[in-house]
Amino acid sequence: MTLLPPPTMSLSADEARRIALRAQGLLGAPDRRAGTRGVLRSLGAVQLDTISVLARSHELIAYARLGAVGRAAVEGAYWSDHHAFEYWSHAACVLPIEEWPHFAFRRRARRARGRRWHVLADADRSTAAVLDRLRAEGPLTSTQLGGAKNGGPWWDWSETKIAVEWLLDTGDVVVSERRGWKRVYDLPERVVPDGLLHDDIDDAECMRRLVAQAGAAMGVATRADLADYHRLTGEQVSSVITDTGLVPVEVEGWGKPAWADPAALASEPRGRHRTTLLSPFDSLVWDRPRTERIFGFTHRLEAYTPKPKRVHGYFAMPLLAGGRLVGRVDPAREGRTLVARQVSLDGSKAVQPAADAMAEAAGWVGCDEVRVEKVLPETLREPLVTAVKRAQDPR
């Protein structure tokens with residue numbers, strides 16, 4: 001008797017959207033007891049970036065899900081007690097410390113490549129000197145190690161900086177925290193618990209774990225989505241997908257095979273939708289094709305676009321409300337005033353959510369006022385100004 005494979009489950013586009021929101025912690029009551037560490041474990045990776053407008057991006061990730069949690073508390077949750085480490089995932093990311101063994105494949109690949117794009121004049125001497133300093137003095141920044149720059153442009157690194165970054169690539173040092181936005185380097189044996197301090201997991205098992213984790217963090221995803229989450233290749237995903245526990249599904253309008261986390265399919269996504277501004281580096285929206293497919297929302301970071309060519313602003317933050325992306329706010333800060341340099345809204349229904357989101361964000365970063373400048377469409381400017389005043393003083 002030939003057993004037929006189980007039928008593939010079909011999901012509507014709306015069901016897939018809500019599954020994705022719940023998996024990302026943006027639908028349903030937040031687990032405040034788990035806090036920032038719970039957010040990090042659930043997402044599996046929180047992207048870091050140098051841009052700081054309202055706050056650093058990794059702070060905005062926790063805020064978007066938990067509300068006005070203290071910024072110092074967010075930093076402490078990430079870095080205290082060696083709960084996390086920084087390494088290359090979707091980009092430079094904060095990662096749960098328990099994922100250390102599963103990035104062994106990347107450390108091995110970096111080591112096999114033999115070098116970064118920078119060249120060390122005397123690799124053995126430079127790396128040995130860094131390791132000797134860390135053993136003798138404990139965790140150090142590149143400045144404390146002797147300086148990151150060589151006197152030229154930002155990419156003109158010193159020999160010490162090249163050496164310590166190479167050691168980071170290969171796992172011979174680990175970034176244990178950021179201090180004043182500088183990486184703090186340490187020896188793995190002082191940061192990674194003994195039970196996790198090994199690189200004996202083979203590449204296939206590393207891939208399997210990371211694909212399964214990405215699937216759980218996204219709820220439902222295509223092969224390209226799964227690959228992008230931790231910057232794997234489509235071939236790497238395909239080689240392990242059947243062993244991840246993810247189940248094949250069809251999603252209305254996606255036009256490509258997809259897989260879902262069985263836990264995401266076990267119950268219907270319900271609960272309160274979060275109204276918030278999102279970092280452009282938030283894992284809900286960091287994959288632009290996925291964002292367009294799920295939300296019908298085209299978003300591009302314009303920080304590196306020449307100012308005259310920007311459409312929505314330097315650091316336009318998508319506005320999430322009612323489970324939809326309904327606008328953008330390009331914020332700035334002047335003293336204790338949050339300045340909305342440009343607000344782009346998808347209709348009048350987005351006015352009050354935008355006002356609520358800006359008022360809450362202002363309070364979180366210690367601003368007393370919100371000043372609205374350019375609004376598109378212009379007809380929504382006065383309603384938005386009025387709504388902001390109401391949101392800040394609801395009496």
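The model is predicted; local features need pLDDT of at least 70, side-chain atom pairs count only at pLDDT 80 or more, and totals for chains, interfaces and linings use all residues. Numbering starts from 1 along each chain as its sequence is written, and side-chain values use heavy atoms, with hydrogens and water left out. Helices (H or I, at least four residues) and strands (E, at least two) are DSSP runs, numbered from the N terminus.

Step back to helix 4, residues 71-79. V74, A77, Y78 and W79 are buried there (under 20% relative accessible area, 1.4 Å probe, protein chains only). The buried residues of this helix pack against helix 2 (35-43) and helix 3 (57-66), as well as strands 2, 3, 4 and 6.

Now show the largest nonpolar core, 59 residues. Such a core is a set of buried Ala, Val, Leu, Ile, Met, Phe, Trp, Tyr and Cys residues joined through side-chain atoms within 4.5 Å. Y78 and L226 have the most contacts inside it. Helix 10 (203-218) gives the largest share, seven residues.

A second, separate core has 38 residues, including L54, L277, V351 and L384.

Finish at the open sheet: five strands, order 11-12-13-14-15, mixed pairing. Pairing takes at least two DSSP bridges between two strands. Strand 11 (276-277) and strand 15 (369-376) are the edges. Strand 14 (337-345) runs parallel to strand 15 over seven bridges. Select S344: its bridge partner in strand 15 is L376.

How values were computed: Buried < 20%, exposed > 50% of the residue type's maximum accessible area, 1.4 Å probe, protein only. Contact = heavy atoms within 4.5 Å.
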